[in-house]
Amino acid sequence: MQGIQIKNITKKYNGLTALDNVSFSFEFGKIYGFLGRNGAGKSTIMNVLFGMPAIHQTGGFKGEVLIDGEKVNIKSPVEAMKYGIGMVHQEFMLIDGYDVAENIKLNRENVKKTPLSMIFGKRLNLVDRISMHKESRATLDSLGIELSERTRVGSLPVGYKQFVEIARELDKKNIKLIVLDEPTAVLTPQETRELFVNLRKMADDGCAVVFISHKLNEVEELADRVTVLRGGCVTGSAAK
């Protein structure tokens with residue numbers, strides 16, 4: 001199967017079951033909405049997919065994750081990124097003192113060789129700010145975001161910070177699935193509409209989008225399939 005699957009996932013924290021034998025498939029090019037109260041298991045599923053330390057430092061989980069039918073063992077967010085899985089967390093992972101491009105390229109900075117680095121190794125490479133800003137500009141344009149890549153993130157409204165988070169994931173180029181955990185919590189109605197347009201465009205371009213929310217009306221409007229979780233179990237799932 002082309003896509004990402006979780007099969008028979010069970011996760012416990014200190015004897016309490018956060019996920020109970022949950023299975024689900026994510027097809028590329030579709031938007032999946034997940035609903036449920038706090039503690040229902042929504043974020044735990046996504047933390048399993050993204051290899052978050054909170055999962056592996058507490059005993060791991062039972063079950064399997066498959067990508068295009070092959071079993072994978074995702075032990076960290078870095079490994080998740082290599083498999084094409086990105087995640088936009090509720091808490092911003094941005095540095096206010098950096099500009100937009102520097103945040104989009106954070107920990108993936110473009111570098112260029114120097115005469116010294118050619119002799120003594122890549123640790124003496126220099127950051128290539130010109131190409132960083134050029135590539136970041138292209139990613140922002142692909143999302144239709146009218147925002148200068150040279151703007152300091154600390155000066156941005158909250159809604160635009162959310163778009164920078166999304167741009168950072170998409171800039172990784174190989175993204176097959178992107179998870180957004182409560183992304184509209186800090187957005188105005190207009191910003192939410194802009195976000196939905198961008199998410200639909202991402203899906204149309206072949207990315208699987210996972211949209212976690214408490215807002216039923218938003219999930220119904222956006223998602224191709226809606227799934228409800230309760231007590232770590234899937235209580236209902238239906239295509240629109």
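Predicted model: local features only at pLDDT ≥ 70, side-chain atom pairs only at ≥ 80, totals over all residues.
L124 sits in the loop between helix 5 (115–120) and strand 8 (126–127). Together with L116, M118, I119 and F120, L124 forms a nonpolar surface patch whose accessible area comes to about 560 Å².

**Whole chain.** I then turned to the overall fold and noted nine helices and 12 strands in the protein chain. The radius of gyration is 19 Å, close to the 18 Å that the globule rule gives for 240 residues, so the chain is as compact as a globular protein of that length. The C-alpha trace spans about 60 × 45 × 35 Å along its principal axes. I recorded 48% of the 240 residues as buried, and an accessible surface of about 12,200 Å², of which 51% belongs to carbon and sulfur atoms. Among contacts between residues at least 6 apart in sequence, 67% join residues at least 24 apart.

**Cores.** Which residues have the most contacts inside the largest nonpolar core? I found V100, I166, I178, L199 and V209, in a core of 32 residues. Strand 3 (31–35), helix 4 (100–104), helix 7 (158–170), strand 9, helix 8, strand 10 (208–213) and helix 9 (216–222) each supply at least two residues of this core, and helix 8 gives the largest share, five residues. Apart from this core lies another, of 30 residues, among them I4, L177, A208 and I212. For V209 I listed the contacts beyond four places in sequence, which are K30, I31, Y32, I178, L180, L199, M202 and A203.

**T184 and the K215 pair.** I placed T184 in the loop between strand 9 (177–181) and helix 8 (189–204), and T184 is buried, with a relative accessible area of 2%. Leaving out residues up to four places away in sequence, T184 touches T192, L195, F196, F211, K215 and E218. K215 and E218 form a salt bridge with each other, the closest N and O atoms being 3.9 Å apart.

**Other salt bridges.** I noted that the structure holds 15 salt bridges. One of them joins K176 to D68, with the closest N and O atoms 3.8 Å apart; K176 lies in the loop between helix 7 and strand 9, D68 in the loop between strand 4 (62–67) and strand 5, and the two are 108 residues apart. Both ends are partly exposed, K176 at 29% relative accessible area and D68 at 27%. I also checked K161 and D96, whose closest N and O atoms are 3.6 Å apart, and which link helix 7 to the loop between strand 6 (85–88) and helix 4 across 65 residues. Here K161 counts as buried because its relative accessibility of 14% falls under the 20% cut-off, while D96 is partly exposed at 42%.

**V72.** My last entry concerns V72, found in strand 5 (residues 70–72) and buried, with a relative accessible area of 11%. Beyond four places in sequence, V72 touches V65, I67 and Y83.

Definitions and conventions: Residues numbered from 1 in each chain as written. Heavy atoms only, no water. Patch = residues over 30% accessible without salt bridge, like charges linked within 9 Å, V, L, I, M, F, W, Y side chains within 5 Å. Areas by Shrake-Rupley, 256 points an atom, 1.4 Å probe, with all protein chains shown as cover. Salt bridge = Lys/Arg side-chain N within 4 Å of Asp/Glu carboxyl O. Helix = DSSP H or I, 4+ residues; strand = E, 2+ residues; numbered from the N terminus. Rg over C-alpha atoms; globule rule 2.2 N^0.38 Å. Buried < 20%, exposed > 50% of the residue type's maximum accessible area, 1.4 Å probe, protein only. Contact = heavy atoms within 4.5 Å. Core = buried A, V, L, I, M, F, W, Y, C linked by side-chain atoms within 4.5 Å.
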